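Please open the structure in a viewer and keep the selection panel at hand.

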Amino acid sequence: MAAAGMNAVRLYEPPPRWLADLAHAHSLWLLVGLPWPQHHAVLHNPWMLDNITLTMQAAELAGHPAVAIYAIGNEIPPDMVRWYGADAASSFLQRLCLAVKATDPGALVTYANYPSTEYLGVGAPCVDVASFNVYLEDAATFKKYMDRLQNIAGPKPLLITELGLDSRAHGEEAQAAFFQEQLPAAFAAGVAGTFAFAWTDEWWRGGKAVTDWQFGLVTREREPKPALSAVAAAYARLPFLPDLPWPSVTLAVCTHNNAATLGDTCEALSKLDYADGQLEIVFVDDGSTDATPGLLVSCQQRVPASRIFTLERNCGLSCARNAALNASTTEVIAYTDGDALPDPHWLRYLALRFMEHQGNSTWAAVGGRSLAPLGYGTVADSLAYAPGGAAHVLLNDTAADHIAGCNSAFRRQALLAVGGWDPFFRIAGDDVDVDASMAVGFHGSAVVWHRRRPTLAGFLKQQAGYGDAEAKVEYRQPARFTTDGYMLWGGSVYGQGGSVCGKSSVFYGVWGRAPFQQRLRVAASQSCGAAWWLWMCRQAAVWAAVMLVLGAATGWRRCAAVSTLVLAGCLGLLAAVAWRQAARTVQERMPHLSAAGRLQGVGPLAAATLLQPFARDWGNAVFWATAPRSTTLGLGSVLAPRRIWKRSVLPHANGTDGPSGDVLEAVERAVRAAGGEAAVLARASADSQLDFALRDSHLAGAVAHVLVEYFNKKQTQVYIETWPYLTGTALALLTILAAAAALAWLDSQPRAARLLAALTGVLALCLWAGCCRAQTLFLRGCQDALAELAELAAATPLTAASPLAVVAGPSSELALSI
């Protein structure tokens, strides 16, 4: 085995110690199986845990240098899992894992799963490695399934514990060709390793010899088959095939005041493995004021083929990334940050995805998994599991809707074609903005370890910055958000942070006969009433705080008292839920901590879980309070909340009804040009009869509908309707203030009633003004668009016979000419 280039052997029961010593003498690692009657209904028996412990003790393998991993099970039948339930089976595996680690504390533990129950065991916190037995003969199907398994494994290493082909049924040459094709495919997907099944055709099961298949690399007589040479040749060339056309890459490391983390980043960069002569590294110092400049000089000496660019002042992350883009000349430019630790093979996996074809084209961008590293102290390690960290959004196993900027790579020409990074984004959000205009790929093994803030204060400051960035994305791309400001993703969000609600269901098939049984995610609104109630509780806490301030300011003591009780109750409930979630996370993810250490980790994690949504909302609100708005406010907008414009503008070339997309696109361009930075314009959703939504603020705006009528063979008429709209937040705020004013009046608090009524009136006037600004801006853009279309189509010049008429809707009889 060692002579064939193998470095690990899988055993299905503990070996005698002399055999483990022999394996160690030949530099072979052992994956040791701990057998138990997994095909029998014994998951409910507590003596099974004692059986596993006694098996390990009898084998005397604890701490043996040859033992790499213990396997606590192998392919529990799907009917058995369905009988007990997926959660019960996973809990049983978790207890087995803990029993093993109690006997051998330094051991790694896995469970050998297979496609029939691919969801089982992977999520058990105690299991260190995600292992699967996979038998798929078709190479293309196998490759796709490897990408799927990487996403199922998540942050855990993926190990293929069985992979093979029956030479009796397919022939020895086909078996050799199978390994030549599938071993490179597995390593290209980023697996931690593969076990070729099996070493010999001699196989026993249940005390009886198996004679009807021959999976061995050697015969029963230990004569080598062609497959043995094929496996040896494949392992000698892996993990990456040497003859691949690796693209040239510029790696941009953007940093600002990262003196505390830059040393670890430089150490990780010095270990990067990529094709010789195809990589250059560019450090961009974005106006740092700490020791970062000096550390970059030291880092340049440690990292080969590197350059340093220094910006005179801090102008934001996008500016730093654009500086690297303008300085690069390679085919691909990759990005990471000064507080990130790239995996040594990170760029290799990104490049492998670039070399694949997506349909008839290649990926314009590729990203990977961003994880928070551990080992930086109890508080920092616990905050790694707080919500709000870097995440990626997948459309499928290889296509992404969003990738994190600290783990991204782009074809240089594609990034230049979209104008690079938008300097409007200073801290974050620029990656979401760029991703929207590209075909984005994903590779689960392209890993960057991105350090989280080590203190609670730093974490909350970061989350406020993310809230600001999220609002800026909404400002730039309002179509990606609901009217109440919630982002709409095209796929599933994957991250490392915890969740209050993680319900899912298993697709077993009828009578449990589905060949690939999957765990299906269910939306929180459908699966977890707790998630909805917690969201409502957070909203109630915010409104209670508002009413507490108003009650205290107006001297309305009863309002202040009631608001205090509501606020205390909501915060108490949220704190209890956050503490429970944090305690469970620390217990599962950090079992090595003492009781005092767990308490030290639970406190910051619970506080971060509780305060993170409020920090995000604060950053979001601060941006919208200062966001640019249109200053145009016409009298017609105030008096005509619903307006219909009618205009004959275009010649009708073919005399048949056709698409109106050219008119709508011209309107979209003209409105954006007319409003400049204030034009927060979005196309309506596909299930809406409207065409546009124009937002003046986070609370108010206007919606519009455009109709193109082919009036006759010579002319086309365009009708445009606009309506004001208020978001749910605006309506709730108006309702609460008005109700509070009424209650204050009934409670004989005239001062408070007058102040609340005045606030209600001022808010209503501001919202109405916002709607009017949005309507006026949209209609002004429509005027410009229709005039432009008329000129481009060489239509009859505008005359008094064809004025632009404004026809009032049913709410007003006013008619204006513009």
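Which handedness has the link of cysteine 266 and cysteine 299? The link is left-handed, with -120° about the S-S bond. The model on display is a predicted one.

**First stop: the disulfides**

Keep cysteine 266 and cysteine 299 selected: their sulfur atoms lie 1.9 Å apart and form a disulfide.

The whole structure holds 2 disulfides. For the other, select cysteine 97 and cysteine 126, whose sulfur atoms are 2.1 Å apart. Here the angle about the S-S bond is -75°, and the link is again left-handed. Cysteine 97 sits in helix α4 (residues 86–103), whereas cysteine 126 lies in the loop between β4 and β5, 29 residues apart. Cysteine 97 and cysteine 126 are both buried. Counted in sequence order, the bonded cysteines pair as 1-2, 3-4.

Now select cysteine 772, which takes part in no disulfide; the nearest cysteine sulfur, that of cysteine 771, is 6.8 Å away. With a relative accessible area of 0%, cysteine 772 is buried.

**Second stop: the sheet**

Select the strands β1 to β7. They make an open sheet of 7 strands in the order β1-β2-β3-β4-β5-β6-β7, with parallel pairing. Strands β1 (8–11) and β7 (193–196) are at the edges; each has a single partner strand, so one side of each lacks a neighbour in the sheet. From one strand to the next the twist averages 25°. Within the sheet, β4 (residues 108–113) and β5 (residues 129–133) run parallel and are joined by 4 bridges. Threonine 110 stands opposite valine 129 in β5.

Within helix α7 (residues 172–188), select alanine 186. Its relative accessibility of 0% makes alanine 186 count as buried. Beyond residues up to four places away in sequence, alanine 186 touches Phe142, Met146, Val191 and Thr194. Methionine 146 is 40 residues from alanine 186 in sequence, yet 6.6 Å from it in space, C-alpha to C-alpha.

**Last stop: a helix pair**

Finally, select helix α16 (residues 456–476) and helix α20 (residues 595–626), which pack at an angle of about 40° with their axes 7 Å apart. The crossing of α16 and α20 is right-handed. Residues of this contact comprise 14 nonpolar, 5 polar and 5 charged.

Definitions and conventions: Residues numbered from 1 in each chain as written. Predicted model: local features only at pLDDT ≥ 70, side-chain atom pairs only at ≥ 80, totals over all residues. Heavy atoms only, no water. Axes fitted to C-alpha atoms, helices over the stretch in contact; angles between N-to-C directions. Helix = DSSP H or I, 4+ residues; strand = E, 2+ residues; numbered from the N terminus. Left-handed = near helix turned anticlockwise from the far one by under 90°. Nonpolar A, V, L, I, M, F, W, Y, C, P; charged D, E, K, R; others polar. Buried < 20%, exposed > 50% of the residue type's maximum accessible area, 1.4 Å probe, protein only. Contact = heavy atoms within 4.5 Å. Pairing = 2+ DSSP bridges. Disulfide = S-S within 2.5 Å.
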